[in-house]
Amino acid sequence: MVLKIHGSNQPKVNPYQKQLQKYAQNRTEKQAKADQLQISDQAKKMQELSGVHPAREKRVEVIKAQVESGNYKVEPEKVAEKLLSFWSK
């Protein structure tokens, strides 16, 4: 006589299926709610009107040339002073 056991008579059900579905749904909803940024027309006009000051542009060009030629020197004392004055405000 041969006895075969086929397992329990319960259907194959994942008891955590509802939790997984809720998690997936919440995750999808959160991804759909992306951060957005809207710039007003007035702010766009201000951006267009505000150009780079010629003196600043000249200074940037001088520094850029020094960096490219390898002659730009960083003065750590001045950097530290500027950082301290910025953070102590």
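The secondary structure of the protein, taken from a predicted model, consists of 4 helices and 0 strands, where helices (H or I, at least four residues) and strands (E, at least two) are DSSP runs numbered from the N terminus. From the N terminus on, the order of these elements is α-α-α-α. Residues are numbered from 1 along each chain as its sequence is written, local features need pLDDT of at least 70, and totals for chains use all residues. Side-chain values use heavy atoms, with hydrogens and water left out.

Of the 89 residues, 0% count as buried, a class defined as under 20% relative accessible area, as against over 50% for exposed and in between for partly exposed (1.4 Å probe, protein chains only). The protein exposes about 10000 Å², to which carbon and sulfur atoms contribute 55%.

Helix H4 (residues 76–87) comprises 12 residues and reaches 16 Å from its first C-alpha to its last, close to the expected 16 Å, the expectation being 1.5 Å times one less than the number of residues. The count of buried residues in H4 is 0. Lys82 is found in this helix and counts as exposed because its relative accessibility is 62%.

A nonpolar surface patch of about 760 Å² is made by Val67, Tyr72, Val74, Val79, Leu83, Phe86 and Trp87; H4 supplies the largest share of this patch, 4 residues, whereas Val67 lies in helix H3 (residues 54–69). Patch residues have over 30% relative accessible area and no salt bridge, with nonpolar side chains (Val, Leu, Ile, Met, Phe, Trp, Tyr) joined within 5 Å and like charges within 9 Å; a salt bridge is a side-chain nitrogen of Lys or Arg within 4 Å of a carboxyl oxygen of Asp or Glu. A positive surface patch is formed by Arg56, Arg59, Lys82 and Lys89.

Note on methods
Predicted model: local features only at pLDDT ≥ 70, side-chain atom pairs only at ≥ 80, totals over all residues. Areas by Shrake-Rupley, 256 points an atom, 1.4 Å probe, with all protein chains shown as cover. Lys, Arg positive; Asp, Glu negative; His and termini not counted. Charge placed at Lys NZ, Arg CZ, Asp CG, Glu CD.
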